[in-house]
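Please work through each task before reading its solution.

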Amino acid sequence: MLDAMTTDVHSTADVRRLGVETTGIEIIDEAERTAEPRDLFWPWFAANVSVFGISYAAFVLGFGVSFWQAAVVSVVGIVVSFLLCGIIAIAGKRGSAPTMILSRAAFGVSGQKVPGVISWLTSIGWETFLAILAVLATGTIFERLGWAHGTTTKVIATVLVALLIVSASVAGYHIIMRMQSVLTWVTGIVTVLYIAMTIKDVHWSAVSALPSGSMQAAIGALVLVMTGFGLGWINIAADWSRYQRRDASGGAVVGWNTFGGAIAPVILVLYGLLLAGSDKKLADGIGGDPIGTLATLLPTWVLVPFLVAVILSLVSGAVLGIYSSGLTLLSLGVRIPRPSAALVDGVILTAGTIWVVFFAQSFIGPFQSFLITLGVPLAAWAGIMIADIALRRRDYADDELFDKQGRYGAWDWVSIVTMVVTSVLGWGLVINTFAKDASWNNWQGFLLGPLGLGGKNGNWAYANLGVLGALVFSFLITLVARRGIIRDQERERGFAEYRDAPEAPRAATERRTGVMTEEPANPATADGSE
């Protein structure tokens, strides 16, 4: 019986040989934690070095700001948002578990399901969005080449893109890390080539003539950049640091995470500002088909390698999303293997892509509305988690992240109420600027009038203060309200002492895998049961 049960428990070497990672939301064994901080560069860089980053420039300039204003808010927004991801990544090093499992320390073992649902929806949305971009780009480029570009082409593109994304995410962490290191070079080279071949389309006279916008418009552009880049990834940031050595430097984890995520978008958005600022028609076209519009600047002979590189870069980002959304699904209590969870999310991704590509009338409107709506509670969660990480001085009691009777409890009502209240307040300070395309969001902005900010038609309406407000207020409230709670949690014997105890290796193995060694173990936690 023991032999049969242990065949399901794979070492790192087994995983690398077989190709498919079987590890789900359970704690990573100490022996398997071999990654170093610099390894974080590859997945973050590969996921964000995409020509699509150039298209964000058009969205930023759409707020009516000048080139210099757009440049400042873009650099600040990108760097700060990925810096916040780096702070969340520290939790992965400390606890060697997925982000949403570590969130149980702040929200409780059952309470984590509240932000978990938001996280899952966000990841599903992002990965679907990237798949949609790949399909739309394929259709546009095929049209430029004079090839078939109708419904059949889009169907084939949809299937191929979905297969690429799902296959890699099902394979798991180790294959994804190897894949990202290769894609980094491929997509990076093609991106440099794109810049070299389109530099002739930059006209500084037109760029420098862009009029300055208001402070409110600049803040709105800043929020868009933060939600579109770092904050869009923040709910999965610890998923990629959970294989870090426990003695890895926290500062190095933050630094490599930030550098890997921010360096490419900073360069791409700044160059995009030059392109979009030079040609209003180009900027307008990006709203309907970002990648396809950018491809119109290229000569025909380079379109095929450009298309391949773009699809690979978008697939790279989507793989990170679907891998992590599968882990989040498990954290919500769905009891299926990790590869199956990724497959479930792949089916949803395919369905969402089909709906947008073949039935939706507008692309950028619903997307931006989606970003802001989920960006508010995600920012509230991030503020709580960042404060929680800042207050802790010791590693997590790993096994108690799966125990409702443990020190983290079932529900942390301070965190849950903080997230709900700051999210509601945040939604009251953002508006749906795409009322026609996303009428389901017209209820937002209900506090702009009562707070004297000019109502939904005033200048502050477009600043999207709710995202920053939710992030800052949830952080400050948690910093004060949960200081004593965290101190009490860390007074109990923590994981560091437990790990060094004589019985630790056997007991930890039993709790994580459910495999009985010498004595009956607690129920398995590896499948997400609580």
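**Exercise 1.** Is Phe 67 buried or exposed?

*Solution.* This is a predicted model, in which local features need pLDDT of at least 70 and side-chain atom pairs count only at pLDDT 80 or more, while totals for chains, interfaces and linings use all residues. Residues are numbered from 1 along each chain as its sequence is written, and side-chain values use heavy atoms, with hydrogens and water left out. Phe 67 has a relative accessibility of 8% and therefore counts as buried (buried means under 20% relative accessible area, exposed over 50%, partly exposed in between, with a 1.4 Å probe and protein chains only). Trp 204, with 43%, is partly exposed.

**Exercise 2.** Classify the pair formed by the rings of Trp 411 and Trp 413.

*Solution.* Rings of Phe, Tyr and Trp (its six-membered ring) pair if their centres lie within 6.5 Å, and planes under 30 degrees apart count as stacked, over 60 as edge-to-face and the rest as tilted. The centres of Trp 411 and Trp 413 are 5.3 Å apart and their planes stand at 10°, so this pair is stacked. Trp 411 is partly exposed at 43% relative accessibility, whereas Trp 413, at 54%, is exposed.

**Exercise 3.** Which residues do ring pairs link into a cluster?

*Solution.* The cluster joins Phe 41, Trp 42, Phe 45, Trp 256 and Phe 259 through ring pairs.
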